Amino acid sequence: MITLAGLSGRPVMITEQQLDELVSGLGGPVLRPGEPGWDDTVTIWNGMVARTPALVVRPTSAADVAAIVVFAREHGLLLSVKGGGHNIAGTSLAPGGMTLDMSQMRQVTVDPAGRVAHVGAGCLLKDVDAATQKYGLATVLGFVSEVGVAGLTLGGGLGYLTRRFGWTVDNLEEVEIVTADGEIRTASRTEHDDLFWAVRGAGANFGVVTRFTLRLHEVGPDVYGGLIAWPFARAGEIMSAYRTLTAAATRELSVWLVLRRAPAAPVVPEAWHGELVCAMAVCYTGDPTAVDEALAPIRALADPVVDLLDTQPYTVVQSFFDDDEPNGAHYYWKTEYLARLDDDLLATVRDIAEHCTMPDAEVGLLHLGGALNDRDSDDGAVGNRDARYVFGANGMWQPGDPDADSYRRWVRDAWTRVRPFSTGGNYVNFQTADEDADRIRDSYGHNLDRLIDIKTKYDPHNLFRVNRNIAPRAAR
Ligand SMILES: Cc1cc2nc3c(=O)[nH]c(=O)nc-3n(C[C@H](O)[C@H](O)[C@H](O)COP(=O)(O)OP(=O)(O)OC[C@H]3O[C@@H](n4cnc5c(N)ncnc54)[C@H](O)[C@@H]3O)c2cc1C
């Protein structure tokens, strides 16, 4: 007999025979604590998350997923889905319940003529970029290549290409999804269009997506990008220049501003190790002959202490920050969408960075805008079409650090100071475990009521609840 957490809040007993019946119909294994592969699944990016499932199932097909969903529903089990395991709130793991680990479904098929990629739900961003770049194609994905495509896409998805092509979900053509009734459905703008609309921004709530079909664009294989940094003493000048250059930038140029202490990395001159710097992460994907003109406002700042800007493969730029935020450290973030960079906001952001005592903290302003502002606010559940920047106060420390409480306080204080400048919206994919239902409402705004209707239709008993949850009507 195995005891698992149940949907009702009470434990559920599963017999060995019931489990054997499930396993015998699956192409992949069911893992119990301590078995080979167990640690890989239950160890996730944010080491601060203390959750362990009782069972892990590793499906290899949509049919496997359907069988698992039916099993979980019939037995009333708490169920979660793990893509890349990078969600900061740790929502890939069902505490005491059953976790569906999608890592065996990691295939990418590129159709270069049709300009789409069919992406398995266990893929990491690097799988897709590697496969599509063989054809000089790419879709909108984030800037750390170890993140899962599934979680990123289902919450909206943003990256260096957002200014050209919108949210990742603006490039989503179709999903294959197993809904709570165990049906394998195709959802697109023409089939189950309500479900497709909801999946584009609130997707973890509506089923288990087994395949994403993403539109591709000509990008790379070489682009111009990397990192450039100046002394923090010049922060006022650099931040003001950042505002000017982002206001005028073409959509081919994405520049993100990062205020932090320089790491002790070989590419950083030793004198700057641990010193506060004002950095820009740059990706220019336009006409290579126009790169000097596009980058002129950055070059005009002169005298950087680090300059790693160069022509390089798009896949290198996409993985530039991979080592900055390693698996297993403790992470705590707060973010807000901004419509503009007022003087007061810039001064506040600068002050937040200057008075930070956490060695590995980052304060960032990510430039969005462009294509994502072109569409209507109800074009997909993702909304937030008024976002032109994201502010983030990101904390990282090692397990057991005695200053953890003060670090968390710094993040929260920073957030409190920046909230008055917010559009009112925020990115659901950046929400931490302590953010409540109000934050989810803020993420979806006027799209939330429609999401509740669609949730009530496809998942009336809230089987898919280990996520940033949108409860169906009956549960409210
Ligand atoms: C270092 C780092 C960098 C990041 N950079 C970016 C960035 O550049 N751009 C950006 O947009 N976001 C970024 N993010 C945020 C990221 O999008 C979210 O953390 C996202 O949830 C990660 O997806 P995942 O598959 O790795 O997560 P997981 O933790 O595996 O899953 C996240 C959520 O999605 C659900 N889910 C997973 N797979 C499925 C599925 N197949 N069907 C249904 N539900 C599923 C899970 O239940 C869970 O609730 C970053 C995060 C980190 C940690």
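This briefing covers the ligand shell, the aromatic pairs and the charges over rings in one structure. The model is predicted: local features need pLDDT of at least 70, side-chain atom pairs count only at pLDDT 80 or more, and totals for chains, interfaces and linings use all residues. Residues are numbered from 1 along each chain as its sequence is written, and side-chain values use heavy atoms, with hydrogens and water left out.

**Ligand shell**

- The ligand is surrounded by 33 residues, where a residue is near if one of its heavy atoms lies within 4 Å.
- The closest are G83, G85, F143, L158 and Y427.
- The shell holds 17 nonpolar, 14 polar and two charged residues. Ala, Val, Leu, Ile, Met, Phe, Trp, Tyr, Cys and Pro count as nonpolar, Asp, Glu, Lys and Arg as charged, and the others, Gly among them, as polar.

**Ligand contacts and cover**

- A polar backbone atom of V81 is 3.0 Å from an oxygen atom of the ligand. For H86, the distance from a polar backbone atom to a ligand oxygen is 3.1 Å.
- A backbone N or O atom of N87 also lies 3.0 Å from an oxygen atom of the ligand.
- On its own, the ligand has 950 Å² of accessible area, and the protein covers 98% of that (Shrake-Rupley method, 1.4 Å probe).
- Elements giving two or more residues to the shell are β5 (79-82), α5 (149-154) and β12 (208-215). Helices (H or I, at least four residues) and strands (E, at least two) are DSSP runs, numbered from the N terminus.
- α5 gives the most, with four residues.

**Aromatic pairs**

- The whole structure has 14 aromatic pairs. Rings of Phe, Tyr and Trp (its six-membered ring) pair if their centres lie within 6.5 Å; planes under 30 degrees apart are stacked, over 60 edge-to-face, and the rest tilted.
- W45 and W333 form a tilted pair, 5.6 Å centre to centre, with 55 degrees between the planes.
- W45 lies in the loop between α2 (38-42) and β4 (55-57) and W333 in strand β19 (residues 330-338), so the pair ties together parts 288 residues apart in sequence.
- Both W45 and W333 are buried (under 20% relative accessible area; exposed is over 50%, partly exposed in between; 1.4 Å probe, protein chains only).
- Y160 and W256 are stacked, at 4.9 Å centre to centre and 25 degrees between the planes.
- Y160 sits in the loop between α5 and α6 (162-165) and W256 in strand β15 (residues 253-261), 96 residues apart.
- Y160 is buried at 3% relative accessible area, and W256 is buried at 1%.
- Ring pairs join W45, W167, Y331, W333, Y337, Y427 and F430 into a cluster.

**Charges over rings**

- K334 lies over the face of W415, 4.8 Å from the ring centre. The criterion is NZ of Lys or CZ of Arg within 6 Å of the ring centre and within 35 degrees of the ring normal.
- R450 places its charged end over the ring of W197, 3.9 Å from the centre.

Methods: Polar contact = N/O pair within 3.5 Å; in protein donor to acceptor, adjacent residues only side chain to side chain.
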